[in-house]
Amino acid sequence: MSIAAAAGCGSSSSEGGNATATGEPKTGGTVRAALGGDPQTLDMSMAGGLTRITMQHVFESLFALDAQLRPQPMLADSYTVSDDGLTYTIKLRTGVKFHDGSTMTATDVKASFDRWIAVSPNSKNVKGNVKSSEATDDSTFVITLNSVRSTLISDLAWIQGPFVIIPASVATAAGTKPIAPDRIVGTGPYKMESYNPGRNLTLARFDGYQGRTENPSGRAGAKHAYLDKIVYSFVTDSQQRLNGLKTSQYDWVQTVDADQLQSLANDRSFVVEPATDRNLNVVFLNGAEGSVFHSLQARQAVNAAIDKPAIAKAMFGPENLWSPLTGALVSPSVPDVHSEAGLNLWSEHNTEKAKSLLAAGLNRPIKILTTKTYPYMYQWAVAVQGQLSAIGVKADIEVLDYPSMVGKAVDDPKSWDMMTTYTLASFGNVAQVEWFNGSLAPYGAFPTQEYKTGVNELLAKYVVAKDQTTAHQYVDQLQQLFYDTMPALVLGEVSDVNPHSRKLVLGTSYTNIFWNASLRG
């Protein structure tokens with residue numbers, strides 16, 4: 001058996017993969033999942049990555065993105081927009097219960113919205129458009145804008161640092177700090193049972209869940225909690241995760257070394273399929289003052305120094321996960337937001353140019369932050385270190401677990417120059433792209449004021465565009481600005497893979513979602 005062909009996977013245009021099963025799924029059982037690390041915060045509005053993977057089962061938003069990345073009502077029942085485009089009146093579903101037994105009202109939605117605007121790194125662009133929010137009655141929530149934002153409903157459905165609905169009391173108690181683990185309360189099909197930092201997280205079916213009745217599509221539609229529990233064990237070593245899958249200690253594991261994927265795929269005991277979501281493998285370049293890469297010349301030089309196809313062939317896994325290699329910020333499977341602009345700059349590989357531009361101005365080693373939580377990130381760091389060495393540039397590597405690496409990057413910006421990580425590559429609109437929405441600013445991703453100003457000006461035009469043709473002109477200009485400024489070294493897009501036992505039947509084409517999932521036999 002080979003890994004599923006790219007033509008049938010890695011697309012945001014349809015449900016597929018291992019989403020279908022014959023007959024009614026079995027109810028009961030516990031999925032034992034090996035996560036690459038401890039999320040460290042369970043507050044979904046304040047974090048992505050491991051937090052999103054786990055807590056997407058607990059929290060829900062007013063809207064959710066379907067398989068075409070279009071927003072559909074989730075906790076909302078319907079909405080209307082005023083003729084001037086400034087007032088959104090959202091009618092809520094009634095009778096929806098929180099995990100603590102209380103009933104969701106517009107007061108909870110307003111408290112959740114106001115907190116999201118204050119704390120989420122992905123609400124920055126929305127915040128500037130919001131004039132007020134109001135709960136006009138128990139089932140009506142109104143957002144008034146000070147300027148038109150045609151992407152608002154899509155923004156409210158976005159999955160990174162999302163707008164999730166929590167009880168007003170929880171929102172008030174947390175304020176701008178992360179919600180305490182013992183106050184994690186949502187409306188989703190699974191609820192928090194226990195969290196043991198450094199060890200595991202257990203979610204249990206929420207018997208009071210009131211889901212939608214539409215057919216599942218992407219993250220929208222009906223969600224069923226067929227499983228009794230989901231137990232996430234935090235296993236930082238990828239070989240240990242792999243061994244646990246092979247010995248039936250785990251039913252699902254988050255990422256393994258790329259060179260292990262084909263052997264797993266050849267074993268009919270396991271399912272190894274690319275996820276619908278595409279990731280963009282990147283190396284952040286610290287644009288903050290004091291970093292080597294505060295200089296545009298240095299950022300351009302390191303892009304020219306690195307052989308991206310060589311890294312992809314060696315470290316991205318089977319070719320159908322990433323070929324044809326692209327540096328586009330948004331996957332070709334999302335044509336409204338995909339662009340080819342600036343890719344001539346991305347594809348440049350000129351070691352002599354890089355050597356003359358980069359090596360000459362260095363008086364210390366380049367400092368690379370990386371992690372083995374995602375084993376491939378460490379492999380990229382070693383590959384980049386080797387390719388830099390080949391042009392006479394010394395680089396030192398520091399290895400941390402993923403949450404600690406991200407924390408250090410933000411808290412100690414002078415301690416690093418490069419950091420291996422990934423961003424998403426599937427978006428409902430270009431204002432959600434991390435390189436443009438301000439969420440990556442703490443990592444030095446806005447290396448100049450000119451870049452920040454340029455992004456904001458183009459986004460302001462994009463969100464009021466009258467048609468898709470006009471909107472796409474700004475998509476092209478934004479990606480061109482990205483590559484003219486080069487805030488990151490983009491290695492290329494790849495489909496994520498989370499292997500699992502064949503007895504686990506996933507219910508969506510997203511391979512890290514366990515609602516609608518069930519266990520065989």
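Good morning. To begin with a definition: helices are DSSP runs of H or I with at least four residues, strands are runs of E with at least two, and both are numbered from the N terminus. Please also bear in mind that this is a predicted model.

I start with a single residue, Val 58. It lies in the loop between helix α1, residues 49–55, and strand β2, residues 63–65. Is Val 58 buried or exposed? Its relative accessible area is 0%, and buried means under 20%, so Val 58 is buried. Beyond its neighbours within four places in sequence, Val 58 is in contact with several residues, among them His 99, Ile 184, Tyr 190, Met 192 and Leu 203. Thr 213, for its part, is 155 residues from Val 58 in sequence, and their C-alpha atoms are 18 Å apart in space.

Next, a pair of strands. Strand β4, residues 76–81, and strand β5, residues 87–92, run antiparallel and are joined by five bridges. Ser 78 stands opposite Lys 91 of β5. The hairpin has five residues between the two strands, and Gly 85 takes a positive phi near 75° there.

Finally, helix α15, residues 449–462. Which residues of α15 are buried? They are Tyr 451, Gly 454, Val 455, Leu 458, Leu 459 and Tyr 462. These cover an arc of only 130° around the axis, and therefore lie on the same side of α15. Gln 449 and Glu 450, on the other side, are exposed. The buried residues of α15 are covered by elements including α3, α14 and α16.

Terms used:
Residues are numbered from 1 along each chain as its sequence is written. This is a predicted model: local features need pLDDT of at least 70, side-chain atom pairs count only at pLDDT 80 or more; totals for chains, interfaces and linings use all residues. Side-chain values use heavy atoms; hydrogens and water are left out. Buried means under 20% relative accessible area, exposed over 50%, partly exposed in between (1.4 Å probe, protein chains only). The arc is that of the directions from the helix axis to the C-beta atoms. Contact means heavy atoms within 4.5 Å. Two strands pair if DSSP finds at least two bridges between them.
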